[in-house]
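Hi,

Here's the structure I promised to pass along.

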Amino acid sequence: MRRRASAALAGVAALVAATGAAVITALPASAAAGCTVQYSVSSQWPGGFGANVAITNLGSPISSWTLVWSFGAAQTVTQYWNATVTQSGSTVTAKNVSYNGSLATNASTSFGFNGSWNNSSNPVPTSFTLNGTACTGTVTSSPTPSSTSASPTASPTSSPSPSSSGSTGVPSDAAWVATGQWDSWTNNGYTLNNDVWGSGAGPQTIWARTGTNWGVIANHPRTSGVKAYPHTGKTINRTISSLASLTTSFNVSVPSDGDWETAYDIWANNYAYEVMLWTNKNGAVGPIADSYDSNGAVPSFTNLSVGGQTWNVYKGNNGSNAVFSFLRTSNTNSGSIDVLAVLKWLRTQGWWADVTVGDVQFGFELSGTAGQQAFTCNSFAITYS
């Protein structure tokens with residue numbers, strides 16, 4: 001039941017610039033008579049790069065789409081997915097495939113591609129057209145309210161408002177809204193990921209005011225298996241022995257029905273180890289363990305006090321990596337955790353050595369939602385030294 005769903009594995013790591021040193025993303029001037037487009041470089045290497053393009057339709061519903069832009073530094077598309085992409089000179093044309101052509105008002109889709117570049121400059125395209133209309137950032141042919149996906153550096157006060165709250169559940173002051181399976185957004189050092197990865201998943205919309213105040217509206221069937229892990233987080237890349245401190249705090253609002261848990265997901269040694277800290281859970285969910293009985297997973301330790309919390313601890317393996325799960329003995333929607341103390345405890349048990357801590361993520365692992373439900377991270381913080 002465990003995902004392989006870090007941002008890096010999903011191909012949507014924190015956005016990197018053409019220089020490999022700073023954030024780069026298209027400005028949300030990427031609307032075509034009722035749409036926005038966000039273009040981001042998701043990874044880059046000598047001679048090649050990966051990119052993600054997200055489209056949100058703000059106008060009347062459309063049954064198919066064609067997006068056109070021009071590269072400014074002789075970039076070339078070499079591979080693509082979730083769209084059909086052709087190129088003539090500097091001009092690139094992307095068309096929908098069979099399953100993502102229909103976009104209702106405020107609906108979104110995304111596609112990605114790999115490309116080649118000159119190892120000198122890889123600028124983001126400055127303009128787009130959708131179905132033949134120039135991107136203007138406004139709705140010119142329909143009274144439909146505006147919606148946008150803001151760039152990672154935009155602030156809520158300077159961005160056009162996304163869909164208003166109401167039946168969608170998305171706050172009107174959200175700075176970023178997305179529905180794509182692997183959509184991501186970086187803000188103030190935190191990277192958010194929609195991360196819909198499991199079989200049989202339903203629709204899921206992620207929104208954010210900041211990288212630490214965000215939420216998700218999901219409607220996943222209550223069938224077996226995890227469907228999604230929308231989350232925020234940071235990449236630490238420090239050994240345990242080199243850390244003087246690593247603490248976190250959280251405050252969430254969650255529904256009373258469904259199958260889900262609020263959980264940290266901490267990865268170490270290039271995803272060889274996974275540490276999960278469950279702070280809240282509901283319904284038919286449970287950890288991976290070495291053994292099971294009639295009551296489910298059997299803990300290796302019970303009522304362990306470490307990191308400022310009390311846990312039942314489970315040790316297991318998902319077939320790809322070792323998994324250490326700490327389940328809080330009572331549910332809570334807010335608190336703080338001394339994560340370094342937890343990691344050091346694992347070392348004293350001989351379960352791992354002086355590992356390198358990579359991604360520290362926090363979010364909602366969703367197996368089923370009992371209809372459309374809202375999960376909100378009111379606040380979150382990671383601090384380390």
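**The S11–S12 hairpin**

Strands S11 and S12 make a hairpin with two residues between them, and Asn-188 in the turn has a positive phi of about 55°. Before going on: this is a predicted model, where local features need pLDDT of at least 70, side-chain atom pairs count only at pLDDT 80 or more, and totals for chains, interfaces and linings use all residues. Residues are numbered from 1 along each chain as its sequence is written, and side-chain values use heavy atoms, with hydrogens and water left out.

Helices (H or I, at least four residues) and strands (E, at least two) are DSSP runs, numbered from the N terminus. Two strands pair if DSSP finds at least two bridges between them; S11 (residues 184-187) and S12 (residues 190-193) have four, in the antiparallel sense. Thr-186 has Thr-191 as its bridge partner in S12. In a regular strand the side chains alternate between the two faces of the sheet. In S11, Ser-184 and Thr-186 point one way and Trp-185 and Asn-187 the other, and all are buried (buried is under 20% relative accessible area, exposed over 50%, partly exposed in between, with a 1.4 Å probe and protein chains only).

**Aromatics**

The whole structure has 30 aromatic pairs. Rings of Phe, Tyr and Trp (its six-membered ring) pair if their centres lie within 6.5 Å; planes under 30 degrees apart count as stacked, over 60 as edge-to-face and the rest as tilted. One of the pairs is Tyr-190 with Phe-380, edge-to-face at 6.2 Å centre to centre and 70° between the planes. This pair links distant parts of the chain, with Tyr-190 in S12 and Phe-380 in strand S26 (residues 373-384), 190 residues apart. Tyr-190 is buried at 8% relative accessible area, and Phe-380 is buried too, at 5%.

Tyr-273 and Trp-352 are also edge-to-face, since their ring centres are 5.5 Å apart and their planes at 85°. Tyr-273 sits in strand S18 (residues 273-282) and Trp-352 in the loop between helix H1 (339-348) and strand S25 (356-368), 79 residues apart. Here Tyr-273 is partly exposed at 21%, whereas Trp-352 is buried at 5%.

**Charges**

There are five salt bridges (a side-chain nitrogen of Lys or Arg within 4 Å of a carboxyl oxygen of Asp or Glu). In one of them, Asp-257 meets Arg-222, with the closest N and O atoms 3.2 Å apart. Asp-257 is in the loop between strands S16 (246-253) and S17 (259-268), and Arg-222 in the loop between S14 and S15, 35 residues apart.

Asp-290 is exposed at 55%, while Lys-315 is partly exposed at 29%.

**Where to be careful**

Mean pLDDT (the predictor's confidence in each residue, from 0 to 100) is 83 for the chain, and 82% of residues reach 70 or more. Over residues 1-32 the pLDDT is below 50, and it stays under 50 over residues 141-167. Where pLDDT is low, the predicted coordinates should not be read in detail.

Cheers

Terms used:
Contact = heavy atoms within 4.5 Å.
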